[in-house]
Amino acid sequence: MAFIKKRGKSKFMWLPVTVSTTFTKNSLVAWSVGYLIEATNTAAGKLMAGVIRHAITATDADYATARLVEVEVPVEKYVEWEADFTSGLVVADRGLYCDLTNNYTVTRAASTYDIVQVTRFISLTKGDVILNIGAESLGVQAD
């Protein structure tokens, strides 16, 4: 379960992570009081930073240490990412804006925060999306 870049330009940024917090590899991260946290299903797109590239576990040697972590950030519009969906994705969902179920899964059943736009149907639980995140995210949440 993850967000994997398929097409488009991105860059890696080293950003400060909240200490003593676990992170899932290839999941969305968001800003909270100056540090990264795992994105939630109620985080606004303008707070999303990008996709964390490495898992952070409680057994890591630097788990409780203030540090920077590698985050992949889209640097142009319309970068496509392969994403996992909870279920029920259909071809007619192309163009639909959807919310997150959690930091690494999309739900087609909600569209309050509009974190992704579906661009390609792959299966009932997988599709390509454009991330609607960062300072240029669209809609009410970015106003």
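This is a predicted model: local features need pLDDT of at least 70, side-chain atom pairs count only at pLDDT 80 or more; totals for chains, interfaces and linings use all residues.

Visitor: How many salt bridges does the structure hold?
Guide: Side chains of opposite charge can pair when their charged atoms come close. The criterion is a side-chain nitrogen of Lys or Arg within 4 Å of a carboxyl oxygen of Asp or Glu. The structure holds 11 such salt bridges.

Visitor: What does lysine 6 pair with?
Guide: Lysine 6 pairs with glutamate 82, with 3.1 Å between the closest N and O atoms. Lysine 6 sits in strand S1 (residues 3-7) and glutamate 82 in strand S7 (residues 80-85), so the bridge ties together parts 76 residues apart in sequence. Strands here are DSSP runs of E, at least two residues, numbered from the N terminus.

Visitor: Which salt bridge does arginine 7 form?
Guide: Arginine 7 meets aspartate 128 at 2.7 Å, N to O. That pair links distant parts of the chain: arginine 7 is in strand S1, aspartate 128 in strand S11, and they are 121 residues apart.

Visitor: Is aspartate 128 buried or exposed?
Guide: Read relative accessible area: buried is under 20%, exposed over 50%, partly exposed in between (1.4 Å probe, protein chains only). Aspartate 128 is buried, at 0%. Arginine 7 is partly exposed, at 38%. Lysine 6 is also partly exposed, at 35%.

Visitor: What does lysine 126 form a salt bridge with?
Guide: Lysine 126 bridges to glutamate 82, the closest N and O atoms being 3.5 Å apart. Lysine 126 lies in strand S11 and glutamate 82 in strand S7, 44 residues apart. Salt bridges that share partners join Lys6, Arg7, Glu80, Glu82, Asp84, Arg120, Lys126 and Asp128 into one network.

Visitor: Where is arginine 67 found?
Guide: Arginine 67 is in the loop between strand S5 (48-52) and strand S6 (68-74). Arginine 67 has 15% relative accessibility and therefore counts as buried.

Visitor: Which backbone oxygens does the side chain of arginine 67 reach?
Guide: A polar contact is a pair of N or O atoms within 3.5 Å; within protein, one must be able to donate a hydrogen and the other to accept it, and residues adjacent in sequence count only if both atoms are side-chain atoms. The arginine 67 side chain reaches the backbone oxygen of aspartate 62 at 2.8 Å. A polar atom of that side chain also lies 2.9 Å from the backbone oxygen of threonine 65.

Visitor: What is arginine 53 in contact with?
Guide: Contact means heavy atoms within 4.5 Å. Leaving aside neighbours within four places in sequence, the partners of arginine 53 include Phe3, Phe12, Glu70, Glu72 and Trp81. Arginine 53 also sits in the loop between S5 and S6, and its 13% relative accessibility makes it buried.

Visitor: Which residues lie nearest the centre of the largest pocket?
Guide: Rolling a probe the size of a water molecule over the atoms shows where empty space is left. On a 1 Å grid over the protein atoms alone, a pocket is an open set of points where a 1.4 Å probe fits, with protein on both sides within 12 Å along at least five of seven lines; lining residues have an atom within 4 Å of a point. The largest pocket has 23 lining residues, with Glu76, Lys77, Leu131, Ile133 and Glu136 nearest its centre. S5, S6 and strand S11 (126-131) are the elements that give two or more residues to that lining.

Note on methods: Residues are numbered from 1 along each chain as its sequence is written. Side-chain values use heavy atoms; hydrogens and water are left out. Helices (H or I, at least four residues) and strands (E, at least two) are DSSP runs, numbered from the N terminus.
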